[in-house]
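Thanks, everyone. Let me take you through one chain this morning. Here it is on the screen.

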Amino acid sequence: IFLGYYATKRRKIKDGLLWRMVLIYYQYYMPPRSRKILITGIGGYICSNIAARLVPHYNLVGVGIGTMFPVLKEVFKERVKLVEADITDMKTLQKSSKGAEIIIHGASPQTERFCQEHPKEARRVIVEGTKVVADIAKKQGAFLIHLSTLSVYSTHRERAMPLTEDSELLPDSNYGLFKAEAEKEARRAHSLVLRLSNVFGT
């Protein structure tokens with residue numbers, strides 16, 4: 001695990017390999033259910049599915065605005081502690097994340113339309129929310145996994161292919177711009193940034 005953190009700082013190991021190293025360590029060398037993970041945006045499609053995969057192995061706390069909590073309570077029963085809170089609520093997030101070794105940050109509006117119609121609110125949640133989460137992760141020494149988007153490279157502009165982790169970020173949408181800003185906040189902590197594309201499945 002220390003090699004993993006060192007590699008993150010020095011960028012000597014690809015993020016994908018680093019993440020697999022962390023997963024292997026936690027899966028085989030830590031007592032089951034003794035590891036705590038905080039997931040923000042637990043009510044969303046991506047993070048609820050992440051929780052479903054992790055819940056047999058980890059002590060999970062999910063933070064969200066509460067819209068989907070009735071459904072999540074039916075699915076997870078008492079296996080996931082659900083906390084209703086705004087993503088910028090520092091006090092509640094600090095309390096909920098106490099003892100967490102990993103924070104998976106997925107709380108975010110998901111559409112460009114929302115970001116265009118409500119730019120101030122979208123930026124507050126995406127950028128300021130990530131700043132709060134990064135501050136907490138940094139203070140508590142938790143490993144932050146930040147869910148970003150392919151839109152940070154652009155949405156409408158033609159780009160030379162293939163795009164890589166080192167390609168220049170040229171967001172041309174509000175959603176991509178806010179997510180690019182959020183990445184900068186996330187990188188202040190020990191973190192892994194995942195730029196997701198079109199996510200689908202059951």
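First, a term: buried means under 20% relative accessible area, exposed means over 50%, and partly exposed is in between, with a 1.4 Å probe and protein chains only. On that scale, 43% of the 202 residues of the chain count as buried.

Some ground rules. This is a predicted model, where local features need pLDDT of at least 70, side-chain atom pairs count only at pLDDT 80 or more, and totals for chains, interfaces and linings use all residues. Residues are numbered from 1 along each chain as its sequence is written, and side-chain values use heavy atoms, with hydrogens and water left out.

Now the fold. Helices (H or I, at least four residues) and strands (E, at least two) are DSSP runs, numbered from the N terminus. We have 8 helices and 6 strands. Read from the N terminus, the order is α-α-β-α-β-α-β-α-β-α-α-β-α-β.

Contacts next. A contact means heavy atoms within 4.5 Å. Take the contacts with a separation of 6 or more: 64% of them join residues 24 or more positions apart.

Let's look at helix H3. Which of its residues are buried? Cys47, Ser48, Ala51 and Leu54. Down the axis of H3, these buried residues fall within an arc of 125 degrees, so they line one face of the helix. The arc is taken over the directions from the helix axis to the C-beta atoms. And what does that buried set pack against? S1, S2, helix H4 (69-76), strand S4 (102-105) and S5.

On to the voids. The grid is 1 Å, over the protein atoms alone. A cavity is a set of points where a 1.4 Å probe fits but cannot get out. A pocket is an open set with protein on both sides within 12 Å along at least five of seven lines. Lining residues have an atom within 4 Å of a point. Points are joined across faces, edges and corners, and a volume is the space filled by probe spheres set on the points.

The largest pocket has a volume of about 850 Å³. Its lining has 39 residues, and the closest to the pocket centre are Gly106, Ala107, Ser108, Pro109 and Gln110. Which elements give two or more residues to that lining? Helix H3 (45-54), strand S2 (59-64), helix H7 (119-140), strand S5 (143-149) and helix H8 (174-186).

Ala, Val, Leu, Ile, Met, Phe, Trp, Tyr, Cys and Pro count as nonpolar; Asp, Glu, Lys and Arg as charged; the others, Gly among them, as polar. The pocket lining then divides into 19 nonpolar, 16 polar and 4 charged.

How many cavities of 30 Å³ or more are there? The count is 1. About 30 Å³ of space lies in the largest cavity. Leu38, Thr40, Leu93, Ser97, Ile103, Val133 and Ile136 line it. At least two lining residues come from each of strand S1 (36-40), helix H5 (90-97) and H7. By class, that lining has 5 nonpolar, 2 polar and no charged residues.

Thr130 is in helix H7. Is Thr130 buried or exposed? Thr130 counts as buried because its relative accessibility is 1%. Now polar contacts: a pair of N or O atoms within 3.5 Å, where within protein one must be able to donate a hydrogen and the other to accept it, and residues adjacent in sequence count only if both atoms are side-chain atoms. The Thr130 side chain makes one with the side chain of His105, at 3.0 Å. Leaving aside residues up to four places away in sequence, Thr130 touches His105, Val125, His146, Ala182, Glu185 and Ala186.

Then Arg188, in the loop between H8 and strand S6 (191-196). With 32% relative accessibility, Arg188 counts as partly exposed. Its side chain has a polar contact with the side chain of Glu185, at 2.9 Å. The Arg188 side chain also reaches the backbone oxygen of Lys131 at 3.4 Å. Arg188 and Lys131 are 57 residues apart along the chain, with C-alpha atoms separated by 8.8 Å.

Last, backbone geometry. The peptide bond from Met161 to Pro162 is cis, with omega near 0 degrees. Pro162 is in the loop between S5 and H8. Ser154 also lies in the loop between S5 and H8. Phi of Ser154 is near 145 degrees, positive in a residue other than glycine. Ser154 counts as buried, at 13% relative accessibility. Lys77, in the loop between H4 and strand S3 (80-84), has phi near 55 degrees, again a positive value in a non-glycine residue.

That's my tour. Questions, please.
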